[in-house]
Amino acid sequence: MYMAKKEMHLGAFLLHTGHHVSAWRHPDSQPERVMEADYYRQLAQIAERGKFDMLFLADTLFANYANPHYFKHAVTTRPEPITLLSYLAGVTEHIGLAATVSTTYQEPYNLAREFAMLDHLSHGRAAWNIVTSSRDEEAANFGSSPHMEHSLRYERAREFAEVAAKLWDSWEDDATIADRRAGIFADPARVHTIHHRGEHFGVRGPLNLTRSPQGRPVFIQAGASDSGRRFAAEYAEVIFVAWQTFDEAKHYYNSLKQLLPEYGRSPEAVKVLPGILPIIGSTEQEARDKEALLQELVLPELGLSMLSSALGGADLSDAKWDGPLPSLPDASRINGGKSRFQLISDLARREQLTVRELIYRVTGARGHRTIAGTPEQIADHLTDWFIRGACDGFNIMPPVLPGGLEEFVDQVVPILQNRGLFRTAYTSSTLRGHLGLARPDSQFAASTV
């Protein structure tokens, strides 16, 4: 029996038919349902049955039409996350609802309204995954090409988060009076204009919604570059990361936690959740066979295209499939996803992978760690990283949906529960409660007489 001082946190990362690029071709997938509300209701309720802290929806602002192989051979559709999560708020009771929304092509006032409403509808279960758009294809959809330089995107994101937080705080908790006899709905002294004027935004405020149950949504961030890490240390409450080895994960975890005091924050204020793609079999061989089937379904031209994209658009047309990667530019010259570029190039060098072997890593978990094994073996891996201090939990990335999520819930979660590492019942009604995060006070409350 494991006697943990704390319980791990689990997120369910839902991606259309599953995280493996060939999941939609798998006989157990349901690609015809990826725009059906009932499909996502089913997935959300499976994750809630497993007592997950939250479910998480990624998003992009483009269809990958510029890449003919990807557009033709992979699922490029994405449900709009706020709309979908607003529906899921009504068919779930406990699980947190996390949406990805970019700060690059959005305005703080619109975003603050959308998330405040989602938090109201869900009674305090909303979370915002703060991202900066990194593709020229996204910029082209908003009349701006090429997209902003990497450091400038983070400068805008930092100001964006600051403005959104002010808007969520602009109504104090007791601002609504609703006194019918006196005819007073709100106390003007407890509703605040924010008068923000910065480099990127000018916003007067206040928000035109009352303060939501959590005060503001849980802030999630996924950047592992130096800019991303510092942004996360300043604002994030949950961090999604991709690491292949324990040593990498442990180093990042320690460095991030040590950075938090510089921003006046405690180590417990941020939860670090590496992504894990579990392939589960009744035996290790069965799990390996399931992994091999998925790899057999990858079309070669799609795999090479995905690898090129993950490496910042590197030209791999002359690369030998069973040879090493050709020379790559330094990460400092990449204006897209710097951390993912670095992770994959480091992986190739460290394990001396051929182009073919590296494609297998990218088409499955896209740089996150893949574990193929029995439920016990997968639980052992999660236990080891958690107990030895490399993370606060995991973001689970089922390779094929809905089956991969159901297998994890029914076969791995009970093992973690029996070890005392994961909850057997929800004890809170809000996502902040699930995560052990404090509800922030309005930053304007002290100004009220």
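Predicted model: local features only at pLDDT ≥ 70, side-chain atom pairs only at ≥ 80, totals over all residues.

The largest cavity holds about 70 Å³ of space. Its lining consists of Leu 14, Leu 15, His 16, Tyr 40, Leu 57, Ala 58, Thr 77, Arg 78 and Pro 79. Sorted by class, that lining has six nonpolar residues, two polar and one charged.

I turn now to the second largest pocket, whose volume is about 260 Å³. Seventeen residues line this pocket, and those nearest its centre are Glu 291, Gln 295, Tyr 360, Arg 361 and Thr 370. At least two lining residues come from each of strand E11 (271-280), helix H9 (284-296), helix H12 (355-365) and strand E12 (369-373). Helix H9 gives the most, with five residues. By class, the lining of this pocket has six nonpolar, six polar and five charged residues.

Finally, the histidine. Where is His 20 found? His 20 sits in the loop between strand E1 (9-14) and helix H1 (37-49). Is His 20 buried or exposed? His 20 has a relative accessible area of 3%, and it therefore counts as buried, the cut-off being under 20%. Leaving aside neighbours within four places in sequence, His 20 is in contact with Leu 294, Gln 295, Val 298, Thr 363, Gly 364 and Pro 399. Of these contacts, Gln 295 has already been named among the residues nearest the centre of the second largest pocket.

How values were computed: Residues numbered from 1 in each chain as written. Heavy atoms only, no water. 1 Å grid on protein atoms, 1.4 Å probe; cavity = no way out; pocket = protein on both sides within 12 Å on 5 of 7 lines; lining within 4 Å. Points joined across faces, edges and corners; volume = space filled by probe spheres on them. Nonpolar A, V, L, I, M, F, W, Y, C, P; charged D, E, K, R; others polar. Helix = DSSP H or I, 4+ residues; strand = E, 2+ residues; numbered from the N terminus. Buried < 20%, exposed > 50% of the residue type's maximum accessible area, 1.4 Å probe, protein only. Contact = heavy atoms within 4.5 Å.
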